[in-house]
Amino acid sequence: MTPPAVETTTDADRIQALFNRIAPVYDRLNDWLSFGQHRIWKLMTVKWSHASPGDICLDLCCGSGDLAQLLGERVGQTGQVFGVDFSSAQLEIARQRGENHYPPLPIQWIEADALNLPFANNFFDAATMGYGLRNVTDIPRSLQELHRVLKPGATAAILDFHRPSNPTIQAIQQWILQTIVVPVATANGLQEEYAYILPSLEKFPQGPEQIRLAQQAGFAQATHYPISGGIMGVLVVTKRHS
Ligand SMILES: C/C(=C\Cc1cc(O)c2ccccc2c1O)CCC[C@H](C)CCC[C@H](C)CCCC(C)C
Ligand SMILES: C[S@@+](CC[C@H](N)C(=O)[O-])C[C@H]1O[C@@H](n2cnc3c(N)ncnc32)[C@H](O)[C@@H]1O
């Protein structure tokens, strides 16, 4: 007799389902919870990626597409941006965002896994990744994939939460996550989804460790910049010139 099929839910399936569930409120909550600051952090990320007019750029784990849109504005009509995410619900919001833009921005939305990118080696002039690295199930693999698809000499800027070295700021960050973020999310029916941020941050490699992982993935240069008192950070990595 054939045994019944066993359904296995992986960590990646759970992450994908989480981001599908929060898609309808994701942008609004980011604006509220960060008092609009996330827009500034994303502008800094685009600037540090060195994306320029005419470039072909990647926004990895693009979610609802705001960073990809900033990249699109930067590269202009002669450039091209690929926004990649594995959450179909987030990509649907990203597509709708694009429809409101005139002239249309040169962005293609691609549903794909950051751990197995559907691009040739040495394809991109620059890349960004906002709040993606902490959420992938295999950080070394995602850095290797990013390294593979960048052209020699190209830079990527990776924005994410960070644990501040100052204990007072760290306590304030934890307080904000537990006392503001989770209750606001609970009011939107998404308690468990936002409660996940703090433990994911506690497990996330900090600046020096991120630099080491980037070097192991093959990047010639890697620098981590703590921002906003160290509650966020941007890892800037550059592939060796050929
Ligand atoms: C940009 C924000 C969240 C992005 C985000 C990332 C994730 O990985 C998630 C995972 C699961 C669910 C949701 C998300 C998600 O939304 C918002 C960040 C807000 C900060 C928590 C709070 C920012 C506080 C301030 C700007 C105040 C700074 C004071 C400091 C002591 C200097
Ligand atoms: C916190 S959101 C960030 C969205 C957006 N980049 C931003 O800055 O607001 C993280 C995104 O990473 C995506 N993600 C996580 N793991 C992924 C993977 N292995 N492949 C593709 N996307 C992934 C999720 O679907 C989600 O949209």
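Predicted model: local features only at pLDDT ≥ 70, side-chain atom pairs only at ≥ 80, totals over all residues.
Residues are numbered from 1 along each chain as its sequence is written, chains are lettered from A and ligands numbered from 1 in the order in which they are written, and side-chain values use heavy atoms, with hydrogens and water left out.

- N135 counts as buried because its relative accessibility is 10%, buried meaning under 20% relative accessible area, exposed over 50% and partly exposed in between (1.4 Å probe, protein chains only).
- Apart from neighbours within four places in sequence, N135 is in contact with I15, F19 and Y196, a contact being heavy atoms within 4.5 Å.
- Between N135 and Q16 there are 9.5 Å from C-alpha to C-alpha, although the two are 119 residues apart in sequence.
- The side chain of N135 lies 2.8 Å from the backbone oxygen of Y131, a polar contact (a pair of N or O atoms within 3.5 Å; within protein, one must be able to donate a hydrogen and the other to accept it, and residues adjacent in sequence count only if both atoms are side-chain atoms).

**Helix α5**

- Within α5, which spans residues 139-149, the buried residues are I139, S142, L143, E145, L146, H147 and V149, and their cover includes β1 (56-60), β4 (124-130), β5 (150-161) and α9 (207-216).

**Residue I172**

- I172 belongs to helix α6, residues 167-187, and is partly exposed, with a relative accessible area of 45%.

**Ligand 2**

- Ligand 2 is surrounded by 18 residues, of which Y26, C61, D85, A114 and G130 are the closest, a residue being near if one of its heavy atoms lies within 4 Å.
- Helix α1 (residues 11-33) supplies the largest share of this shell, three residues.
- Oxygen atoms of ligand 2 lie 2.7 Å from a polar side-chain atom of Y26 and 2.6 Å from a side-chain N or O atom of D85, whereas a nitrogen atom of the ligand is 2.8 Å from a polar backbone atom of A114.
- Ligand 2 taken alone exposes 590 Å², and the protein buries 97% of that, with areas from the Shrake-Rupley method and a 1.4 Å probe.

Technical notes. Helix = DSSP H or I, 4+ residues; strand = E, 2+ residues; numbered from the N terminus.
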